[in-house]
Amino acid sequence: MVDHSKNASGGGKSLDAKDRLYLRAPIGGWLGSIADVPDPVFSGRILGDGFAIDPIDATLRAPFDGVVTSLHRAHHAVTLRADDGAEVLMHIGLDTVALKGDGFTPHVAEGDRVKAGDPLISFDMDVISQLVRSLVVPVVLTNGERFTLSVPAVDREIASGDDVAVIEAKGEAVASQANASDGEVIVVKVRIADPHGIHARPAGLIAEAAKSGSAEVIIRLGDRKASAASPVGLMLLGAQHNDELTIEAKGADGAEVANRIAALLGGPEVPAATVPISAPKAASPEVDSSAATEAPELWGPGVAKTIEGTTASPGLAAGVSVRITSEDFEVSEAGADVEQEIKELRAALKTAAADLGAKIAESKGQQAEILTAHLSFVEDPDLRDAAWTMIRDGKSAAYAWKTAIDRQVAALRKLGNPVLAERAIDLEDVRRRVLAILLGVSGSATVLPDDAVIFAADLLPSQFADLDLTKVAGIVLAYAGPTAHVSILAASKGIPAVVAAGVGVLCVPDGQPVVLDADQAAVRINPPADELADVRAAVVRRRERLAANRAATQDDCYMADGRRIEVVANLGGPADVAVALESGAEGCGLMRSEFLFLNRTSAPSEDEQYAQYQAIADGLKGRPLIIRTLDAGADKDVPYANLPKEDNPALGLRGVRMSLWQPELLRTQIRAILRVKPYGQTKILLPMIATLADLREVRKVIDEEIKALGRTAPIEVGIMVEVPSAALISRMLAAEADFLSVGTNDLAQYALAIDRVNPRLAKQLDPFHPAVLRLIQLAAEGAKAHGRWVGVCGSLASFPLAAPVLIGLGVTELSATAGSIAEIKAMVRTLDMTKCKAVAEAALALESGEAVRRMLAQSWPEA
């Protein structure tokens, strides 16, 4: 064996024996036993013996001199072979294959020669840790039939480069399949069902199955082949979802072993909580209900399961599951003629721009705005120039475009801002669109059955646009958050959607009966027949009721006892106005002015802002328009504001604090709003007011600008109640504000101390929580003391079931998404104040948001 112990040159002189390979820690962190990894494929040593590191570093390094034999296409796992033949697999995190490379940056390629300590893969710990259940790094010796591995001591902190393990060669191996040549060759063909292809987990289980018998088993993919007993060889096949593999087994038990492997390959994704290899899941119709709920489980047809996530768009649906996956394009790195490659990319960009222009022309509202953003990416000169540069360096047009986008995506995700990370998916969508044109891949929309419930890791905006929405009953996504564009689109179309539901979403087979209760953020797979029938009937009744509600939605909204409740719309820009009015909006309760400020390098001018605000006011035809001043900072980045780097930006310069930090931005926006005609239609709403001093400082700016414009009449100025302090001192604030509007998204975040862009905590961030409701009650009482009105413009207002509670607490205006307005109005028309006050009091006495939802659902089962 070759000695690789440490010396000055990095390769090493043996510490004591020439037949030992000393492994350095590939990453710093806490060294633990492989048996403690929460995944039986690793802890059960199915892949081989090893150890695990809970990392504190973000770069995986070579533990010895060797050659990279395998780098998974998802860049989360790499295998290194030493000169003596020992092969070691390093796997970053659990379930990270589902991320498809997002957050990982490889520094090597297959075949590269590396020295101990060389960087192999860097990864974004902050982003990835929010998306997977563990970042633990198993380090596994994969050819244990030739070598042994020993770890002198575990349960200790180590630094990258420390000696942690020793690999020693065994004697000559005795062939365990000496009689494998006996008998005929059994040939079985199978398509890979796992959405991530053959990665570490299925490779380990297949190898275990192959070793369980005496047959010699080869697996072929095209002209490539690998021994089924070699996990590394299997991963090197590069087999992906739906690839057809040929299993060749020779030996007395060849048929049995081949069929066992085929069952593993042809079943759903192999999960972390799985069954023993001797009883492959495909052979069992049941799943142990006691299995861990944190990991995705193997679900066969007919198995009843429940998935919980986060509500992105409320509603109820019953239908059948349809899985949608994103196509990965293989591109050649080397280009041909430079001018020809540039010509091809220029033509592809022109075609993509024309396609987007056509789609924008036939779209409206949020979808039109999102597609417009995509068009700006296609026309982005920096992306184009980066691609040109790579083409001139000899790269192909496809490789250059893909790499230029990938670098920007990685840069966005490295910012550690979950909202900006969600925006990265728009860049990925544009990458996919242009690559499809370059590679001549014709996009074909998925053919959907009636009442399709879409299951996917995520949906690109273009994939959503290609769906036949008349066939879509609901959407369930593993990774998207409630602020992702697909969530916004689903809500705008009134499609029930649950997001951030985890990788278990990817294990739901096609064609399974599904009940999607987005109001409760729950998805039930294969529910009992009577429940499915009841929900289908409820969905039909809801559709009929919604049609009737929409027919009456243009009328002003009054309660059954004659009290007036205004139902208005939240708007994100001029394109939303027509959709809102068609839905019955009586005006705009929140116009998010951020659409003018984000995704640009300089602030919009006064004239640019005025033109947009005036267009919205004209579109509303005299109806009220409430414009919120710029709510930037934290998860909304405006680079030209030159905000300082903050350890906790959600508690730093955001909202009105940022505006006062950069007063010229505020003054310019105030002047633009004051110019909107007719004067008085528009009101100003101030975000993130926490103290009376905040309100007075901005009031002073507004009064100065009114005087500078020669106005004599004041303009109505309201405050957002988003910070608990604003609710607690609402009586003082209402004395100087003209109205109050509750932003339940941030109010829940600050009241419950839960980051609203953290997907791990999304389910706990519940605006129905009694603590949040009590703060709303305080705000309403403070407003009433001075004769002010109070509205709600956060996500809670878009739930029809929330209307009785909010009205009972004293709210008189509900500002909601356009898709929910008709149902909110219908709900309000059935209510009287006595009932609403009783419901509000009952809600405040409950212990959780879930309990409040349950009470409301029982009181209004048809809502």
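Which residue does arginine 628 meet in a salt bridge? In this predicted model, the side chain of arginine 628 meets that of glutamate 594, with an N to O distance of 2.9 Å. The pair links distant parts of the chain, 34 residues apart: arginine 628 belongs to strand S29 (residues 625-628), whereas glutamate 594 sits in the loop between strand S28 (588-592) and helix H15 (606-620). Arginine 628 counts as buried because its relative accessibility is 6%, under the cut-off of 20%. Glutamate 594, at 4%, is likewise buried. A network of salt bridges with shared partners joins Glu606, Asp607, Arg667, Arg671, Arg675, Glu704 and Glu705.

The structure holds 31 salt bridges. One of them is formed by aspartate 83 and arginine 113, whose closest N and O atoms are 2.6 Å apart. Aspartate 83 is partly exposed, with a relative accessibility of 39%.

A further salt bridge is found between lysine 402 and aspartate 406, where the closest N and O atoms are 2.9 Å apart. Both residues belong to helix H9 (residues 397-414); because they are four residues apart, about one helical turn separates them. In an α-helix there are 3.6 residues a turn, so residues three or four places apart point the same way. Lysine 402 is partly exposed at 25% relative accessibility, and aspartate 406 is also partly exposed, with a relative accessible area of 24%.

Strand S26 (residues 522-525) pairs with strand S19 (residues 305-308) in the antiparallel sense, over four bridges. Within this pairing, threonine 306 has arginine 524 of S26 as its bridge partner. Strand S25 (residues 513-517) is likewise joined to S26 by four bridges and runs antiparallel to S26. Here aspartate 517 is the bridge partner of alanine 522 in S26. S25 and S26 form a hairpin with four residues between the strands, in which alanine 521 takes a positive phi near 55°.

Helix H24 (residues 821-828) is mostly covered, with seven of its eight residues buried. These buried residues are Ile821, Ala822, Ile824, Lys825, Ala826, Met827 and Val828. They pack against helix H13 (529-551), strand S27 (566-571), helix H23 (803-809) and strand S34 (813-816).

In helix H21 (residues 744-752), the buried residues are Thr744, Asp746, Leu747, Ala748, Gln749 and Tyr750. Just after H21, alanine 753 takes a positive phi of about 55°.

Alanine 336 is placed in the loop between strand S21 (316-323) and helix H6 (338-361). Alanine 336 counts as exposed because its relative accessible area is 68%, over the cut-off of 50%. Between alanine 336 and lysine 395, the C-alpha to C-alpha distance is 7.9 Å, although 59 residues separate them in sequence.

Conventions
Residues numbered from 1 in each chain as written. Predicted model: local features only at pLDDT ≥ 70, side-chain atom pairs only at ≥ 80, totals over all residues. Heavy atoms only, no water. Buried < 20%, exposed > 50% of the residue type's maximum accessible area, 1.4 Å probe, protein only. Helix = DSSP H or I, 4+ residues; strand = E, 2+ residues; numbered from the N terminus. Contact = heavy atoms within 4.5 Å. Pairing = 2+ DSSP bridges. Salt bridge = Lys/Arg side-chain N within 4 Å of Asp/Glu carboxyl O.
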